[in-house]
Amino acid sequence: MAGGRKKEISPELKEKIAKAESGLATLAQIVGGDFGMKVTFGEPGGGSFYNPATVEITLDPEILAEGKDWRAEFVAGHEGGHRAITRSL
């Protein structure tokens, strides 16, 4: 973030996160084959990624801001796929 400032999360986006968090986490865990894996939302604009060192997925809240539910599901599944592939290396 420019100048070290964090983007604010709007109340509407906070509500979307609360509604989607459990379902997206479950989807990522199913695809990744790891129901113990932590899946959380990070900073807006921070990107979505799998961290193999901590075995955690961080989702960018902006995937929900666009109003396309399929995109959030796709990203959660995609990052879960990284877990499935990485563990086998």
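Predicted model: local features only at pLDDT ≥ 70, side-chain atom pairs only at ≥ 80, totals over all residues.
Local features were considered at pLDDT of at least 70 and side-chain atom pairs at pLDDT 80 or more, whereas totals for chains, interfaces and linings use all residues. Residues are numbered from 1 along each chain as its sequence is written, and side-chain values use heavy atoms, with hydrogens and water left out.

The protein contains 3 helices and 3 strands, where helices (H or I, at least four residues) and strands (E, at least two) are DSSP runs numbered from the N terminus. Along the sequence these elements follow the pattern α-β-β-β-α-α. Of the 89 residues, 33% are buried, that is, under 20% relative accessible area, with exposed meaning over 50% and partly exposed in between (1.4 Å probe, protein chains only). Contact was defined as heavy atoms within 4.5 Å. Among contacts between residues at least 6 apart in sequence, 47% join residues at least 24 apart.

The largest nonpolar core comprises 17 residues, of which Leu-24, Val-39, Phe-41, Ile-57, Leu-59, Ile-63 and Leu-64 touch the most other members. At least two residues of this core come from each of α1, β1, β3 (56-59), α2 and α3, and α1 supplies the largest share, 6 residues. Such a core is a set of buried Ala, Val, Leu, Ile, Met, Phe, Trp, Tyr and Cys residues joined through side-chain atoms within 4.5 Å. When residues up to four places away in sequence are not counted, Phe-41 touches Ile-17, Glu-21, Leu-24, Thr-58, Leu-59, Asp-60, Pro-61 and Leu-64.

The largest pocket has a volume of about 190 Å³. Of its 12 lining residues, Lys-16, Ala-20, Leu-64, Asp-69 and Ala-72 are the closest to its centre. Helices α1 (11-32), α2 (62-65) and α3 (69-86) each give two or more residues to this lining, and α1 gives the most, with 5 residues. On a 1 Å grid over the protein atoms alone, a pocket is an open set of points where a 1.4 Å probe fits, with protein on both sides within 12 Å along at least five of seven lines; lining residues have an atom within 4 Å of a point. The lining divides into 5 nonpolar, 1 polar and 6 charged residues.

Ala-72, in helix α3, is buried because its relative accessible area is 2%. Leaving aside neighbours within four places in sequence, Ala-72 is in contact with Leu-24, Ile-63 and Leu-64. The C-alpha atoms of Ala-72 and Ala-20 lie 8.7 Å apart, although these residues are 52 apart in sequence.

Asp-34 is located in the loop between α1 and β1 (38-41) and counts as buried because its relative accessibility is 13%. The side chain of Asp-34 places a polar atom 3.0 Å from the backbone nitrogen of Gly-36 and reaches the backbone nitrogen of Met-37 at 3.2 Å.

A polar atom of the Gln-29 side chain lies 2.7 Å from the backbone oxygen of Met-37. Beyond residues up to four places away in sequence, Gln-29 touches Asp-34, Phe-35, Met-37 and Val-39.

Notes: Points joined across faces, edges and corners; volume = space filled by probe spheres on them. Nonpolar A, V, L, I, M, F, W, Y, C, P; charged D, E, K, R; others polar. Polar contact = N/O pair within 3.5 Å; in protein donor to acceptor, adjacent residues only side chain to side chain.
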